[in-house]
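Here are my notes for a first look at this structure. Please keep the model open as you read.

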Amino acid sequence: MLHGIGVSCTGAHVEMARLENLANNLANLRTPGFRQDLLSFMQRPPASLAHDSGPDAQDHRHNLLDLQGGGVQLAQSRVDGRQGALETTGNELDFALEGRGYFMLEHARHGRVYSRAGAFTQDKDGFLISRDGQSFVLDHEGRRLNLRELGRALGVSGARLEVSEDGSLAVSGNGGAAQTGRRLGLAEFSEQDEARLSKLGHTLLMGQGARPAQSVRVKQGALEMSTSDATLLMAEMVNVSRAFEANMKLLKLQDQTLGELINNAGQQPA
């Protein structure tokens, strides 16, 4: 009975974690550059193995608890690596990436970070920054990009930024157009390093092993949208809610049965 309560309890805990994750993915359905979190699960070890790891642990392989199993538990969370749909905005400071790669940013508190969210803007000093104002956009050498300085250096006033598919930067304005010799900072990771990236907020990522991106294209005037799918998320939320309710009902039933057993224990028939 107590074993069954433990299994139902862990099952309810897992379903609650799934509900919270689905709700977060659904809340960021329209967040540019958001990549949903994917949870994976594993079988919990039987009670006897979980609490006995000594040299005689193998002697308990025929224990009844081993045959019952231990339910499920969370294994890990990873970021969805699929390409999101591209949406044209017409904003010259919006950028979308096609292929594997990330924008290189410098966060005010966390230093070098990476993101697929290319919704940028210009601050009062001319620096290209993230829409939330927390990160500077970097070039391929890790330097902050300042649109005013680029225009001044090339003798172009009222500079307008133009970015080619390979990330090369040019400015145009009253003085004509000119190449800057600089490129957007774009990085990519090996599959192993990408799987170890950790989230910092909804769209920022931190990790090791970054290298210059080779197979990514930049599309100016567009944004990559979230990889979340509203229809699939809503359907999964219904299934997860039902599984959570089933575990809670089992918990209640087992608790009631255990209570009756305790109350009736030792009573002799009249």
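1. Begin with the contacts. Take those in the chain between residues at least 6 apart in sequence: 66% of them join residues at least 24 apart. Keep in mind that this is a predicted model.

2. Next, the overall make-up. The chain has 270 residues, and 37% of them count as buried. Its secondary structure comes to 6 helices and 18 strands.

3. Look at helix H6. H6 covers residues 230-264, which is 35 residues. From first C-alpha to last, H6 reaches 51 Å, close to the 51 Å expected at 1.5 Å a residue.

4. Stay with H6 and check its N-terminal end. Asp-229 caps that end. A side-chain oxygen of Asp-229 lies 3.0 Å from the backbone nitrogen of Thr-231.

5. Which residues of H6 are buried? They are Leu-233, Val-240, Asn-247, Leu-251, Gln-254 and Leu-258. When reading such a list, recall that an α-helix has 3.6 residues a turn, so residues three or four places apart point the same way.

6. Turn to Ser-168. This residue is found in strand E11, which spans residues 168-173. Is Ser-168 buried or exposed? Ser-168 has a relative accessible area of 19%. The cut-off for buried is under 20%, so Ser-168 counts as buried.

7. Now the surroundings of Ser-168. Its side chain makes a polar contact with the side chain of Asp-166, at 2.9 Å. Leave aside the neighbours within four places in sequence, and Ser-168 is in contact with Glu-162, Val-163, Gln-179, Arg-182 and Arg-183.

8. Then the empty space. Rolling a probe the size of a water molecule over the atoms shows where such space is left. How many cavities of 30 Å³ or more are there? The count comes to 1 cavity. About 50 Å³ of space lies in the largest cavity.

9. Check the lining of that largest cavity. Gly-33, Phe-34, Arg-35, Val-79, Ser-115, Arg-116, Lys-199, His-202, Thr-203 and Leu-205 line it. By class, the lining divides into 3 nonpolar, 4 polar and 3 charged residues.

10. Finish with the largest pocket. Its volume is about 260 Å³. The pocket is lined by 17 residues, and Ala-117, Ser-130, Arg-131, Asp-132 and Thr-203 lie nearest its centre. The lining has 7 nonpolar, 8 polar and 2 charged residues. Note Thr-203: this residue lines the largest cavity and also the largest pocket.

Key: Residues are numbered from 1 along each chain as its sequence is written. This is a predicted model: local features need pLDDT of at least 70, side-chain atom pairs count only at pLDDT 80 or more; totals for chains, interfaces and linings use all residues. Side-chain values use heavy atoms; hydrogens and water are left out. On a 1 Å grid over the protein atoms alone, a cavity is a set of points where a 1.4 Å probe fits but cannot get out, and a pocket is an open set with protein on both sides within 12 Å along at least five of seven lines; lining residues have an atom within 4 Å of a point. Grid points are joined across faces, edges and corners, and a volume is the space filled by probe spheres set on the points. Ala, Val, Leu, Ile, Met, Phe, Trp, Tyr, Cys and Pro count as nonpolar, Asp, Glu, Lys and Arg as charged, and the others, Gly among them, as polar. Helices (H or I, at least four residues) and strands (E, at least two) are DSSP runs, numbered from the N terminus. The expected span of a helix is 1.5 Å times one less than its number of residues. Buried means under 20% relative accessible area, exposed over 50%, partly exposed in between (1.4 Å probe, protein chains only). A polar contact is a pair of N or O atoms within 3.5 Å; within protein, one must be able to donate a hydrogen and the other to accept it, and residues adjacent in sequence count only if both atoms are side-chain atoms. Contact means heavy atoms within 4.5 Å.
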